[in-house]
Amino acid sequence: MSITLYQLDGCPYCEAVAERLDELDIDYDSVWVEPRHSERDAVKRVSGQRGVPVLVDEDRGVTMAESERILEFVERSYARPGVETT
């Protein structure tokens, strides 16, 4: 599995995504981005924009931004039906 999460230290939306990935025991790499939007070139290269979080799932060919969309994708793709993890 090859998942990368682009995130910013102290970002509550990034933390929510990272927390859910951890709860589901999903291996992923973190790329920590610069606090200033103008310096987030790594995120811009992969997603076309500078906001975080951004999730890249190479196995599924998915790159997406916005924590709510990412969490929905993670639930649909990785959560086992009938098993709640909190």
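Aspartate 9 counts as exposed in this predicted model, because its relative accessibility is 69%, above the 50% that marks an exposed residue. This aspartate lies in the loop between strand E1 (3-7) and helix H1, and it belongs to a patch of negative charge on the surface in which Asp9, Glu15, Glu19, Asp22, Asp25, Asp27 and Asp29 gather. The most to this patch is given by helix H1 (residues 12-23), which supplies three residues.

Another member of the patch, Asp25, is found in the loop between H1 and E2 and is likewise exposed, with a relative accessible area of 67%. The backbone of aspartate 25 has a phi near 60°, a positive value in a residue other than glycine. A positive phi is also found at glutamate 66, where the angle is near 75°; this residue is placed in the loop between strand E4 (62-65) and helix H3 (67-78), and with 53% relative accessibility it counts as exposed. Most residues other than glycine have a negative phi, and most peptide bonds are trans. The peptide bond from valine 52 to proline 53, by contrast, is cis, with omega near 5°, and proline 53 is found in the loop between H2 and strand E3 (54-57).

A charged residue in a buried setting is provided by arginine 40, which has no salt bridge and is located in the loop between strand E2 (29-32) and helix H2 (41-47). The nearest side chain of opposite charge, that of glutamate 34, is 8.1 Å away from arginine 40, whereas a polar atom of the arginine 40 side chain lies 3.1 Å from the backbone oxygen of arginine 50.

Definitions and conventions. Residues are numbered from 1 along each chain as its sequence is written. This is a predicted model: local features need pLDDT of at least 70, side-chain atom pairs count only at pLDDT 80 or more; totals for chains, interfaces and linings use all residues. Side-chain values use heavy atoms; hydrogens and water are left out. Patches are made of residues with over 30% relative accessible area and no salt bridge: like charges are joined within 9 Å, nonpolar side chains (Val, Leu, Ile, Met, Phe, Trp, Tyr) within 5 Å. Accessible areas come from the Shrake-Rupley method with a 1.4 Å probe; for residues, only the protein chains shown count as cover. A salt bridge is a side-chain nitrogen of Lys or Arg within 4 Å of a carboxyl oxygen of Asp or Glu. Lys and Arg count as positive and Asp and Glu as negative; His and the chain ends are not counted. The place of a charge is taken as NZ of Lys, CZ of Arg, CG of Asp or CD of Glu. Helices (H or I, at least four residues) and strands (E, at least two) are DSSP runs, numbered from the N terminus. Buried means under 20% relative accessible area, exposed over 50%, partly exposed in between (1.4 Å probe, protein chains only). A polar contact is a pair of N or O atoms within 3.5 Å; within protein, one must be able to donate a hydrogen and the other to accept it, and residues adjacent in sequence count only if both atoms are side-chain atoms.
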